[in-house]
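Visitor: I would like to learn how to read sheets and pockets in a protein model. Could you walk me through them?

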Amino acid sequence: MPSPSRRTVLATGSALGGTLLAGGMPAQARAAGHADISDPWRTVLEDADLVWQRMPKTWYEGPYLGNGFLGSGIYAEPGAETGSFSAVRFNVQHSQVQDHRPEFGSLFGLARLPIGWFTLEPVGAITGLDWRLGLRDAELTGTLTTDKGTLTLRALVHNSRSVLAVEVTPSEGERDFRWVFHPTDAISPRADFKPLPDGHQGNPPAEVATHDGVSTAVQPLLSGGQHVTAWRERTRGGTRCLYVHVAHSYPRSTALGRALAAVRGASALPYDLLAGTHRAWWHAYYRKSFLSLPDARIQRFYWIQLYKTASAARRDAPVMATSGPWLESTPWPNTWWNLNVQLEYWLIHGSNHLELDAVTRALSEFRGNLSKEVADRYRADSLGIPRTTDPQLVNGAAGTLTGYGVGIPGQDPPTPEVGNLTWALHNVWLSYRHTMDESILRDVLFPLLRKAVNYYLHFLEPGADGKLHLPATFSPEYGGNSRDCNYDLMLLTWGCRTLLESAELLGIDDALAPRWREVLAKRVPYPTDTNGFMIGADIPFAKSHRHYSHLLAVYPLYELTGRTPDELALIEKSLAHWVGFEGALQGYTFTGAASMSALLGKGEDALKYLGQLMTRFIQPNTMYKESGPVIETPLSAAQSLHDMVCQSWGGVVRVFPALPAAWADLTVHDFRTQGAFLLSAVRKGGATRWVRLVSEAGAPCVVRHGIAGAIDVRDGRGRPLRYETVGDGTIQVALRRGESALITAKGDRPDLTVTPVRPNADAPRWGLPA
């Protein structure tokens with residue numbers, strides 16, 4: 001982190017107007033061409049770079065590159081003797097490469113398929129390395145040292161071309177280093193953990209050939225189609241550059257032509273020319289928001305998650321599988337919908353990166369497949385999503401005896417896990433609320449949620465108590481089926497309330513509205529006992545459990561928030577009981593607990609839970625594992641940090657609602673909130689100095705600003721704005737689209753320059769520093 005003398009300017013404004021400059025520095029500096037003088041993004045990103053001065057041996061230790069489609073994890077070639085390494089592996093994997101045999105299910109017949117890897121094989125034995133993964137440029141740079149010389153390298157996965165480019169400049173003794181491609185068996189990685197289904201055959205071996213200087217490995221698939229890895233090495237002066245592309249096609253075999261064209265086009269460009277457009281995209285990406293806090297380790301972690309997310313997600317890419325685009329040996333070789341997807345994408349909202357929202361796009365594009373996942377007799381008016389699917393939201397159960405992937409409440413087998421689609425649609429609702437884009441509400445959320453809730457309505461039944469009850473369903477991933485399962489009751493409640501609100505906003509007089517109101521009025525209370533929320537009416541919470549499926553009404557649905565003393569006591573008791581069982585707790589247990597603590601305003605507890613996550617579960621490169629690579633937990637930790645910095649549920653923007661005392665200084669800029677506001681705020685010496693909200697949609701603006709005493713509220717030109725006090729430290733301001741409000745202490749004219757904050761203490765970098 002910079003010393004005070006090197007602090008950099010994010011935005012400036014006059015003492016009266018408080019206008020933040022979109023370019024991130026004074027207009028005079030920009031006009032004069034001094035783009036690097038005041039660049040806070042560069043400051044925090046370079047501080048967050050991962051470094052390696054020891055050889056990474058696994059995916060959990062090494063650098064990783066990606067663009068949502070093509071991914072490469074980099075580490076020592078396995079099998080090397082301890083302390084002696086002969087080669088470096090550059091994995092080559094792709095989020096679209098999968099099998100297409102639904103008769104064997106989503107985890108074998110529709111699983112993502114491994115592709116292979118390149119080994120960078122020096123002439124000499126590797127004796128050392130000094131690598132840096134530069135977040136700002138999304139590029140790995142550094143040196144590999146051997147007993148024969150050095151190999152200086154630069155590597156990236158190009159943002160738009162989906163090409164892995166690795167430029168190597170060897171010293172004289174390493175001029176004869178080589179690249180070798182190792183295609184791997186095209187079979188589900190789950191086969192390393194579970195027996196293959198009866199009748200399952202592996203795909204044939206890849207066919208390696210050369211086409212006018214471009215090498216290819218063509219992988220034919222028994223189902224039809226193919227995936228192709230194409231590569232070419234070009235020498236320019238004293239450097240050699242490897243260019244790699246992967247293409248997938250099904251059912252036609254068109255991938256070969258596309259892969260050849262991509263490699264030929266990219267290899268015509270020197271590395272620097274190729275890198276220029278790549279770097280420009282990444283520089284613009286980071287500038288959409290800014291966050292700086294005094295915990296250096298957590299600040300670096302946060303910016304790495306933004307890098308990781310854009311490496312793994314794009315709107316037009318497949319919804320992230322459990323390991324993102326980096327496929328390793330894993331029992332989880334597809335997309336999981338009972339928690340993983342939801343957590344993976346939460347951080348895109350606050351960080352202002354809706355361009356990465358593949359969930360809304362995929363649920364809309366492949367909605368036709370969602371009706372096939374419920375039993376025949378419900379398909380006319382219902383939708384569902386099973387636990388696992390491929391990128392087209394297909395589970396493969398249509399070819400089984402049951403013929404569907406989503407269970408039937410009250411019937412077992414299959415396990416009737418039915419709430420996953422409703423929970424996924426909560427992510428879509430978040431995208432709507434953070435943009436106020438009515439097309440998301442009208443074209444995606446409302447029609448899909450209507451049918452997801454409709455599935456529940458087929459099974460609700462009145463009990464002797466006059467309440468509506470659900471037959472037995474399954475709460476991920478506790479075990480056993482229970483009547484009135486909280487996972488489903490909580491999602492059904494949110495779904496009915498959201499449908500009624502959406503219908504009103506859209507001007508729809510829906511024939512089902514009376515039924516939705518009846519559910520809200522007559523739904524059985526959530527089952528509880530002396531320890532808090534139960535799994536369901538038949539199952540108490542009585543063992544260690546990593547998932548917070550029984551607590552969704554608290555988080556992320558924010559239906560129960562501690563408004564009354566009894567409600568607060570219930571939440572606190574349930575949270576303590578849940579995390580009080582050691583044994584099965586995993587990383588996302590602690591991100592969920594941190595966010596629930598933030599809801600309650602307990603910043604110290606939230607930081608404690610994040611600390612346990614970092615100490616117990618996060619790997620050297622900020623990745624995470626549970627039997628295999630799983631990507632959701634570190635990404636959800638970034639959302640927990642968001643929840644400490646800003647919350648906007650219930651129509652109120654809450655600024656700095658749950659900060660620990662140690663975070664006396666904090667800076668946030670262009671944080672996106674519900675209502676489509678962009679929030680900028682600065683905290684110094686434990687007090688909020690100023691808050692600024694820019695309205696993108698003209699939605700009602702209610703803000704809990706946290707500034708003590710009397711305040712001034714001014715518009716973008718420094719003129720006083722009328723406001724209404726609606727609670728302690730909470731005001732309502734009428735803002736039209738494009739207008740802004742600056743809130744300060746009365747008579748105060750604080751410096752509106754936004755800068756990175758000073759760290760409280762030194763901290764090691766992520767990666768494997770010396």
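Guide: Gladly! Helices (H or I, at least four residues) and strands (E, at least two) are DSSP runs, numbered from the N terminus, and two strands pair if DSSP finds at least two bridges between them. This is a predicted model, where local features need pLDDT of at least 70, side-chain atom pairs count only at pLDDT 80 or more, and totals for chains, interfaces and linings use all residues. Residues are numbered from 1 along each chain as its sequence is written, and side-chain values use heavy atoms, with hydrogens and water left out.

Visitor: In what order do the five strands of the open sheet lie?

Guide: The order is E2-E3-E4-E5-E10, with antiparallel pairing. Strand E2 (64–66) and strand E10 (178–183) are the edges; each has a single partner strand, so one side of each lacks a neighbour in the sheet. From one strand to the next, the twist averages 20°; axes here are lines fitted to C-alpha atoms, for helices over the stretch in contact, and angles run from 0 to 180 degrees between N-to-C directions.

Visitor: How many bridges join strand E4 to strand E5?

Guide: Five bridges link E4 (residues 88–94) with E5 (residues 116–121), and the two run antiparallel. Look for Val 88, which stands opposite Leu 120 in E5.

Visitor: Which strands stand at the edges of the open sheet of six strands?

Guide: That sheet has the order E15-E26-E27-E28-E33-E30, again antiparallel. Its edges are strand E15 (290–292) and strand E30 (711–714). E30 pairs with strand E33 (residues 740–745) over four bridges, and Asp 712 stands opposite Thr 744 in E33.

Visitor: Now for pockets. How is empty space found?

Guide: Rolling a probe the size of a water molecule over the atoms shows where empty space is left. On a 1 Å grid over the protein atoms alone, a pocket is an open set of points where a 1.4 Å probe fits, with protein on both sides within 12 Å along at least five of seven lines; lining residues have an atom within 4 Å of a point. Grid points are joined across faces, edges and corners, and a volume is the space filled by probe spheres set on the points.

Visitor: How much space lies in the largest pocket, and which residues are closest to its centre?

Guide: About 890 Å³. Of its 44 lining residues, Trp 429, Arg 433, Trp 649, Gly 650 and Gln 674 are the closest to the centre.

Visitor: And the second largest pocket?

Guide: The second largest pocket holds about 530 Å³. Helix H3 (residues 105–109) gives the largest share of its lining, three residues.
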